[in-house]
Amino acid sequence: MSTSLPTRGQLQRKLSQQIQALYLQQMGHQPSKTSCKIDDRNLTIIVENSLTQPEHILAEQGQSDLVKKVRSNLDDAFKPELKKTIEAVVGVEVEEILSDAAIDSGRTGIVAILTAKPMFREPTSQVKSKS
């Protein structure tokens, strides 16, 4: 049985699914959508509806500063597992992770800088069209 490299899209989808599962496991909350984009050594992740219910309650009560502090601490605690997940899926070490959450929209943006470009294959349709 031969193993082949995944396409970029397959790798991005798998990573999105794994990150959503990680949010559920670590935070007890599953985001509504997670999207990943691999561009050379850069991985961009957008997490929709990333705030937990307690964070929403605090934000609704005008405690945005407290929510930002809580979110910052949660992100710091979350990064080691996120790093492991990214490395396991893409097969490349993570050099650095940068993240920030927008309290008003509930979105979290994450940028992971990888030590090398992940390996993936071009989809068959793209390979044929280049010929």
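Biologist: How many helices and strands are there in the protein chain?

Modeller: The protein chain has four helices and four strands. This is a predicted model.

Biologist: In what order do the elements run from the N terminus on?

Modeller: The order is α-β-β-α-α-β-β-α.

Biologist: What box do the C-alpha atoms fill?

Modeller: Along the principal axes, the C-alpha atoms of the chain take up a box of roughly 60 × 25 × 25 Å.

Biologist: And what share of the residues is buried?

Modeller: Of the 131 residues in the protein chain, 34% are buried. As for contacts between residues at least 6 apart in sequence, 55% of them join residues at least 24 apart.

Biologist: Let's turn to the helices. At what angle do α1 and α3 cross?

Modeller: Helix α1 covers residues 8-27 and helix α3 covers residues 64-90. Their axes cross at roughly 140° and come within 10 Å.

Biologist: Right-handed or left-handed crossing?

Modeller: Right-handed, as α1 passes α3.

Biologist: Which residues make the contact?

Modeller: On the α1 side they include Leu 11, Lys 14, Leu 15, Ile 19 and Leu 22. On the α3 side, Arg 71, Leu 74, Phe 78, Leu 82 and Ile 86 are among them. The residues of this contact divide into twelve nonpolar, three polar and three charged.

Biologist: You listed Lys 14. Is that one buried, exposed or partly exposed?

Modeller: Lys 14, which is found in helix α1, has a relative accessible area of 44%. Buried would need under 20% and exposed over 50%, so Lys 14 is partly exposed.

Biologist: How far is Lys 14 from Gln 63?

Modeller: Their C-alpha atoms are separated by 35 Å, and the two residues are 49 apart along the chain.

Biologist: Now the core. Which residues touch the most other members of the largest nonpolar core?

Modeller: That core has 23 residues, and the ones touching the most other members are Leu 15, Leu 43, Ile 45, Leu 82, Ile 86 and Val 90.

Biologist: Which elements give two or more residues to this core?

Modeller: The helices α1 and α3 do, along with the strands β1 (33-39), β2 (42-48), β3 (94-102) and β4 (107-114). Helix α1 gives the most, with six residues.

Biologist: And what does Leu 82 touch?

Modeller: Leaving out residues up to four places away in sequence, Leu 82 touches Ile 19, Leu 22, Ile 97 and Ile 110.

How values were computed. Residues are numbered from 1 along each chain as its sequence is written. This is a predicted model: local features need pLDDT of at least 70, side-chain atom pairs count only at pLDDT 80 or more; totals for chains, interfaces and linings use all residues. Side-chain values use heavy atoms; hydrogens and water are left out. Axes are lines fitted to C-alpha atoms, for helices over the stretch in contact, and angles run from 0 to 180 degrees between N-to-C directions. A crossing is left-handed if the near helix is turned anticlockwise from the far one by less than a right angle, and right-handed if clockwise. Contact means heavy atoms within 4.5 Å. Ala, Val, Leu, Ile, Met, Phe, Trp, Tyr, Cys and Pro count as nonpolar, Asp, Glu, Lys and Arg as charged, and the others, Gly among them, as polar. A nonpolar core is a set of buried Ala, Val, Leu, Ile, Met, Phe, Trp, Tyr and Cys residues joined through side-chain atoms within 4.5 Å. Buried means under 20% relative accessible area, exposed over 50%, partly exposed in between (1.4 Å probe, protein chains only).
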